[in-house]
Amino acid sequence: MTLTLQSSASFINFKETKGVKTPDEFLGMVSFAQAKPSSCRLVAKSSMQEAQLSHERIMEVRKIEKREKLHELTANHSNSSTRVPVFVMLPLDTMTMGGNLNRPRAMNASLMALKSSGAEGVMVDAWWGLVEKDGPLKYNWEGYAELVNMCREHGLKLQVVMSFHQCGGNVGDSCSIPLPPWVLEEISKNPDLVYTDRSGRRNPEYLSLGCDMLPVLKGRTPIQVYTDYMRSFRERFNNYLGNIIVEIQVGMGPCGELRYPAYPESNGTWRFPGIGEFQCYDKYMRASLAAAAKATGKDDWGQGGPHDSGQYNQFPEDTGFFQRDGTWNSDYGQFFLEWYSGKLLEHGDRILAAGESIYQGTGAKLSGKIAGIHWHYNTRSHAAELTAGYYNTRHRDGYLPIARMLAKHGVVLNFTCMEMRDGEQPQSANCSPEGLVRQVKTAARTAEVELAGENALERYDGGAFSQVLATSMSDSGNGLSAFTFLRMNKRLFEPENWRNLVQFVKSMSEGGRNATLPECDSSRTDLYVRFIKESHSKKATEVAVV
């Protein structure tokens with residue numbers, strides 16, 4: 001199989017920095033609105049000085065110290081002034097296909113600029129398809145080691161994603177990084193190792209959870225392979241965990257998200273706002289479904305997924321299963337959806353248990369990413385969420401079980417679509433990203449799990465930043481502990497976009513206070529993803545899809 005990698009031109013042009021000798025000279029070229037240092041300082045008193053203060057003053061000083069601690073992701077957001085650290089996602093092609101750091105001089109210059117913005121750090125994908133490319137248990141972390149050292153030199157923290165999925169075929173994918181060649185070889189021998197839809201389409205993005213516990217990868221199970229990979233990373237970077245590498249995000253599905261690949265964009269299979277399709281037709285998933293049906297005493301329910309669930313690009317009302325009073329709400333529908341979503345929860349539980357055992361005590365947080373599937377949210381069945389594995393309907397909370405599973409392992413719930421507003425969405429798609437975010441925030445608070453966020457689409461306008469600011473604040477203990485901005489590229493460093501980012505980071509560091517971001521998308525950010533709809537009136541630009 002030929003591997004292709006397209007350059008995304010994601011960095012500052014290093015040629016433009018030639019001759020620059022000092023960081024200040026360089027930052028003058030890219031930091032168009034450099035954040036001012038905070039006027040507040042940590043207050044430190046010796047024990048003798050403290051003794052001379054009143055008890056009330058001492059308590060006040062300690063509160064200030066606690067509130068202004070830097071480099072700490074805290075789960076308690078009962079005060080809207082709590083600082084929310086901002087990370088920036090690095091380009092998908094940060095590493096070359098050979099496993100080296102891509103354009104290191106340009107990366108160094110870009111990291112210097114991000115440090116000047118006040119950003120806490122950056123996030124990078126540790127691609128399985130690159131690191132273990134040369135064979136089972138043969139790991140190449142050299143490019144990532146160079147990046148870690150570069151972040152250390154600039155005083156930036158690092159979030160690392162254990163990316164067990166392929167890159168390519170989804171929204172925003174700018175390059176192609178398949179699964180490791182030796183894994184693809186096993187898939188070619190046994191196509192049932194990957195998710196399959198009702199028509200028999202195989203999806204090579206991620207291994208089917210149906211074979212999680214089977215030794216299908218040259219004698220090892222997928223869970224063992226993921227575990228060995230994470231252990232290798234810990235052993236290689238143990239000295240940096242908890243100080244430079246502050247978070248490990250454990251990939252659990254397509255795009256690193258805990259979900260089924262129900263809405264694949266590759267080859268035009270799915271288009272927004274289609275309902276997607278169930279992915280339970282490989283032989284391992286079919287065997288599991290048959291066993292579950294037999295245990296229930298309903299053998300006929302185990303013959304396959306719902307026959308009336310439609311096709312990828314249909315709407316709920318076009319199907320017998322997802323329509324208003326459809327099969328989704330029948331005894332059979334409830335059985336199937338509980339099995340389908342339950343298998344996904346079990347999958348996440350297995351991987352996170354492995355991650356917890358490996359990284360516990362290192363000082364690095366663990367996180368898991370949940371997809372923001374906001375289309376058809378305002379319908380009874382929530383069809384797009386159901387096909388992705390989230391059993392969330394008008395009558396059932398599908399996110400609380402996920403939040404509780406994450407809480408069981410002390411894992412941060414990382415959620416997308418934090419930048420989206422209901423008014424930006426096409427009415428026909430029955431979207432409600434704001435309602436979805438509110439539900440997930442409530443689930444996180446109830447499960448007592450830390451909540452972090454990302455933007456789903458590449459946006460630089462003040463309206464998107466303002467929405468994130470509003471979401472990050474909370475007076476009820478369910479604000480954000482951190483936010484990761486998607487994504488670093490050439491457009492980020494354009495003057496207006498850069499000014500917006502710097503102001504956003506500053507506002508997040510102040511708990512959302514003094515936000516002066518413009519509400520319009522004056523930078524002409526491309527907010528559309530294969531779904532364009534213009535309006536004569538002064539309506540907000542419509543954002544189409546996660």
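At what angle do helix H8 (residues 222-237) and helix H10 (residues 331-359) pack, and how far apart are their axes? The legends below describe this pair and a second one in a predicted model.

**View 1. Packing of helix H8 against helix H10.** The two helices pack at an angle of about 25°, and their axes lie 10 Å apart. H8 is therefore roughly parallel to H10, as angles under 35 degrees count as roughly parallel. The crossing of H8 past H10 is right-handed.

**View 2. Residues at the contact of H8 with H10.** H8 contributes Ile 223, Tyr 226, Thr 227, Met 230, Arg 231, Phe 233 and Arg 234. From H10 come Arg 350, Ile 351, Ala 354, Gly 355, Ile 358 and Tyr 359. Eight residues of this contact are nonpolar, two are polar and three are charged.

**View 3. Crossing of helix H12 (residues 399-408) and helix H13 (residues 433-447).** The axes of H12 and H13 come within 8 Å and cross at roughly 45°. The two helices are therefore oblique to each other. H12 passes H13 with right-handed geometry.

**View 4. Residues at the contact of H12 with H13.** On the H12 side, the contact is made by Tyr 399, Leu 400, Ala 403, Arg 404 and Ala 407. On the H13 side, Leu 436, Gln 439, Val 440, Ala 443, Ala 444, Thr 446 and Ala 447 take part. The residues of this contact comprise nine nonpolar, two polar and one charged.

Note on methods: Residues are numbered from 1 along each chain as its sequence is written. This is a predicted model: local features need pLDDT of at least 70, side-chain atom pairs count only at pLDDT 80 or more; totals for chains, interfaces and linings use all residues. Side-chain values use heavy atoms; hydrogens and water are left out. Axes are lines fitted to C-alpha atoms, for helices over the stretch in contact, and angles run from 0 to 180 degrees between N-to-C directions. Helices (H or I, at least four residues) and strands (E, at least two) are DSSP runs, numbered from the N terminus. Angles under 35 degrees count as roughly parallel, over 145 as roughly antiparallel, 65 to 115 as roughly perpendicular and the rest as oblique. A crossing is left-handed if the near helix is turned anticlockwise from the far one by less than a right angle, and right-handed if clockwise. Contact means heavy atoms within 4.5 Å. Ala, Val, Leu, Ile, Met, Phe, Trp, Tyr, Cys and Pro count as nonpolar, Asp, Glu, Lys and Arg as charged, and the others, Gly among them, as polar.
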